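Welcome! Here is a short briefing to read with the structure open beside you.

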Amino acid sequence: KLSSLPLSFPAQTFVVRNTRIENQGGRRHTRRIKLKIKTIFAAMKKFLKIFAGVLFAALLLGTFWFLWQKTRPVKVVYTIVEPKLDTLKQFVVATGKVEPRDEVMIKPQISGIISDVYKEAGQLVRKGEVIATVKVVPEMGQLSSAESRVSVAEISLAQTRREYDRTKALHEKGVVSDEESEQGRTALEKAEEELQNAKENLEIVKNGISSRFKELSNTQIRSTIDGMILDVPIKVGNSVIQANTFNDGTTIATVADMSNMLFRGNVDETDVGKLHEGMPVKLTIGALQNVELDATLEYVSPKATEDNGVILFEVKAAVKIPADVFVRAGYSANASVMIQSREGVLTLPESTVEFEGDKTYVYVLTSAEGAEEQTFDKHDVKIGLSDGMNIEITEGVAAGDKIRGIQEEKKKK
């Protein structure tokens with residue numbers, strides 16, 4: 001029975017003991033790992049405590065520094081300016097646009113369809129030059145009446161000619177007097193003229209023009225002035241209608257004299273009383289860089305207009321355009337009208353002057369320039385012309401005085 005066992009007794013005992021030793025070694029290794037983990041966690045807790053303490057200290061110091069900075073006294077330092085001799089000019093500014101003085105809309109005197117267009121926008125045109133041609137579309141009733149009139153005139157002429165031929169033959173035989181012969185000739189001429197008129201009327205109804213007066217045809221739309229074509233709003237094939245009492249008619253083209261330009265703008269009611277006709281104007285156009293045009297004020301409206309609650313008055317000025325400058329119709333522009341000028345006057349920046357009721361004053365530096373603490377003395381002054389940036393000082397300060405300017409803020413050291 002013992003021989004049937006897989007191992008001998010001593011060998012089995014060895015295996016059991018060896019297994020116990022291995023189990024004991026594994027438990028020791030596990031305890032060592034747990035010990036290391038505890039050590040790491042302890043170190044991390046210690047680090048976090050130290051980091052939190054440092055962060056708290058930094059926040060505390062930052063708060064104290066911020067409060068300290070806020071409680072520091074501020075040293076107010078002013079810039080120092082001196083009065084200087086200068087030229088002051090006061091302007092009234094009007095905003096508006098530049099446009100041709102004479103701008104004409106060409107309209108047809110007959111209704112029909114555009115058959116040809118000979119000009120386009122931007123081209124120069126002379127008075128009487130053809131811009132477009134209108135093809136007349138006949139009205140059937142008028143056409144029928146015109147054709148009937150021609151037929152009747154032809155029949156009447158044939159009858160009158162036969163009567164004249166008989167009268168003429170009898171006159172040659174002495175049967176008819178000279179007076180009757182002349183009456184027959186006159187009737188024949190009237191019948192011929194009536195036929196000619198009927199045929200011309202038929203041509204006008206069909207084509208809008210007669211061969212005898214083709215140079216005066218209404219179908220050829222001509223320019224009525226010399227100038228430049230600003231717009232041609234029609235195309236070949238468009239229907240047009242003539243101008244009449246009840247309709248303005250279709251505009252074929254807009255023509256303007258671009259050599260005679262006008263500034264049209266508006267000024268505020270507070271400035272209109274300072275303007276009068278004949279005053280020189282300086283015109284600046286935003287689309288033309290570094291170009292200033294001369295103009296002359298020629299109209300100030302006697303009646304105001306209201307725009308969003310603002311009372312404005314219209315002004316017009318004749319613009320002088322140099323030959324090398326091309327000004328397009330509709331350019332926006334600003335017109336400056338000089339209303340007052342002072343040369344060689346004592347001036348200060350307007351920001352240095354303070355107002356209190358009806359009084360004006362400035363602060364004059366009494367301490368040494370560059371001193372640690374600036375001290376000033378209040379001086380009453382009298383002012384004159386202002387251009388919006390600088391103002392004239394008539395009394396109260398002299399050239400060389402040190403005047404308090406704008407304020408600068410600096411922290412004390």
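Predicted model: local features only at pLDDT ≥ 70, side-chain atom pairs only at ≥ 80, totals over all residues.

Residues are numbered from 1 along each chain as its sequence is written, and side-chain values use heavy atoms, with hydrogens and water left out.

**Salt bridges around Glu-99**

- Side chains of opposite charge can pair when their charged atoms come close.
- Glu-99 and Arg-264 form a salt bridge with an N to O distance of 2.5 Å (a salt bridge is a side-chain nitrogen of Lys or Arg within 4 Å of a carboxyl oxygen of Asp or Glu).
- This pair links distant parts of the chain, 165 residues apart: Glu-99 sits in strand E2 (residues 84-100) and Arg-264 in strand E11 (residues 261-268). Strands (E, at least two residues) and helices (H or I, at least four) are DSSP runs, numbered from the N terminus.
- Arg-264 is partly exposed, at a relative accessible area of 28%.
- Glu-314 joins Glu-99 and Arg-264 in a network of salt bridges.

**Other salt bridges**

- The whole structure holds 15 salt bridges.
- In one of them, the closest N and O atoms of Glu-298 and Arg-101 are 2.9 Å apart. Glu-298 belongs to strand E13 (residues 292-307) and Arg-101 to the loop between E2 and strand E3 (103-106), so the pair ties together parts that are 197 residues apart in sequence.
- Glu-298 is partly exposed at 35% relative accessibility, and Arg-101 is partly exposed at 34%.
- Glu-392 pairs with Arg-342 in a salt bridge whose closest N and O atoms are 3.8 Å apart. Strand E19 (residues 390-395) carries Glu-392, and strand E15 (residues 332-349) carries Arg-342, 50 residues apart.
- Glu-392 is buried at 10% relative accessibility, whereas Arg-342 is partly exposed at 34%.

**A four-stranded sheet**

- Four strands form an open sheet in the order E7-E6-E4-E9, with antiparallel pairing (two strands pair if DSSP finds at least two bridges between them).
- Strands E7 (220-222) and E9 (239-240) are at the edges with a single partner strand each, so one side of each is left without a neighbour in the sheet.
- Strand E4 (residues 112-117) runs antiparallel to strand E6 (residues 130-135), and four bridges join them.
- Val-117 has Ala-132 as its bridge partner in E6.

Technical notes
Buried < 20%, exposed > 50% of the residue type's maximum accessible area, 1.4 Å probe, protein only.
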